[in-house]
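These are my notebook entries on one structure. I set down what I looked up, entry by entry.

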Amino acid sequence: MANIKSQKKRVLTNEKAHQRNVAVKSGLKTSIRATRQAIAEGDKEAATAAYQVAAQKLDKAAGRGVIHRNQAANRKSGLAVAINAL
């Protein structure tokens with residue numbers, strides 16, 4: 001670990017941010033998985049409901065800088081195309 005006081009604080013802050021980002025990404029994966037499962041089952045209503053949750057989580061993650069906004073847009077687009085194909 002660093003000897004400089006400000007760097008010690010920075011290490012702790014980075015770890016907190018890392019833990020927060022990991023939690024957000026985990027929630028994203030869970031909601032996207034639920035949407036894809038509903039699509040695989042052919043249940044359009046459940047898929048649409050799950051998509052609403054996933055889209056909100058993607059937008060929130062992109063807004064906080066956890067993922068890039070283009071990645072969020074691409075994931076939302078892919079899910080929407082799959083739902084519309086049902």
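**Entry 1: helices H1 and H2**

I looked up the crossing of H1 and H2 and found it left-handed, a term used if the near helix is turned anticlockwise from the far one by less than a right angle, right-handed being used if clockwise. I note that the model is predicted, that local features need pLDDT of at least 70 and side-chain atom pairs pLDDT 80 or more, while totals for chains, interfaces and linings use all residues. Residues are numbered from 1 along each chain as its sequence is written, and side-chain values use heavy atoms, with hydrogens and water left out.

Helices here are DSSP runs of H or I with at least four residues, numbered from the N terminus. H1 covers residues 5-41 and H2 residues 44-64; their axes come within 8 Å and cross at roughly 155°. Axes are lines fitted to C-alpha atoms over the stretch in contact, and angles run from 0 to 180 degrees between N-to-C directions. H1 and H2 are therefore roughly antiparallel (over 145 degrees; under 35 counts as roughly parallel).

I then listed the contact (heavy atoms within 4.5 Å). Among its residues are Val24, Gly27, Leu28 and Thr35 of H1 and Ala47, Tyr51, Lys57 and Leu58 of H2. By class, this contact of H1 with H2 has 14 nonpolar, three polar and one charged residues; Ala, Val, Leu, Ile, Met, Phe, Trp, Tyr, Cys and Pro count as nonpolar, Asp, Glu, Lys and Arg as charged, and the others, Gly among them, as polar.

**Entry 2: helices H1 and H3**

I found H1 and H3 packed at an angle of about 15°, with their axes 10 Å apart. That makes H1 roughly parallel to H3. The contact is made by Leu28, Ile32, Thr35, Arg36 and Ile39 of H1 and by Arg75, Leu79, Ala82 and Ile83 of H3.

**Entry 3: Thr35**

Is Thr35 buried or exposed? I found Thr35 buried, with a relative accessible area of 0% (buried is under 20%, exposed over 50%, with a 1.4 Å probe and protein chains only). Not counting residues up to four places away in sequence, Thr35 touches Ala47, Ala50, Tyr51, Ala54, Leu79 and Ile83.

**Entry 4: the core**

The largest nonpolar core has 16 residues, and Leu58 and Ile67 have the most contacts inside it. Such a core is a set of buried Ala, Val, Leu, Ile, Met, Phe, Trp, Tyr and Cys residues joined through side-chain atoms within 4.5 Å. H2 gives the largest share of this core, seven residues.

**Entry 5: Glu41**

Glu41 lies in helix H1 and is exposed, with a relative accessible area of 57%.

Methods. Helices (H or I, at least four residues) and strands (E, at least two) are DSSP runs, numbered from the N terminus. Angles under 35 degrees count as roughly parallel, over 145 as roughly antiparallel, 65 to 115 as roughly perpendicular and the rest as oblique.
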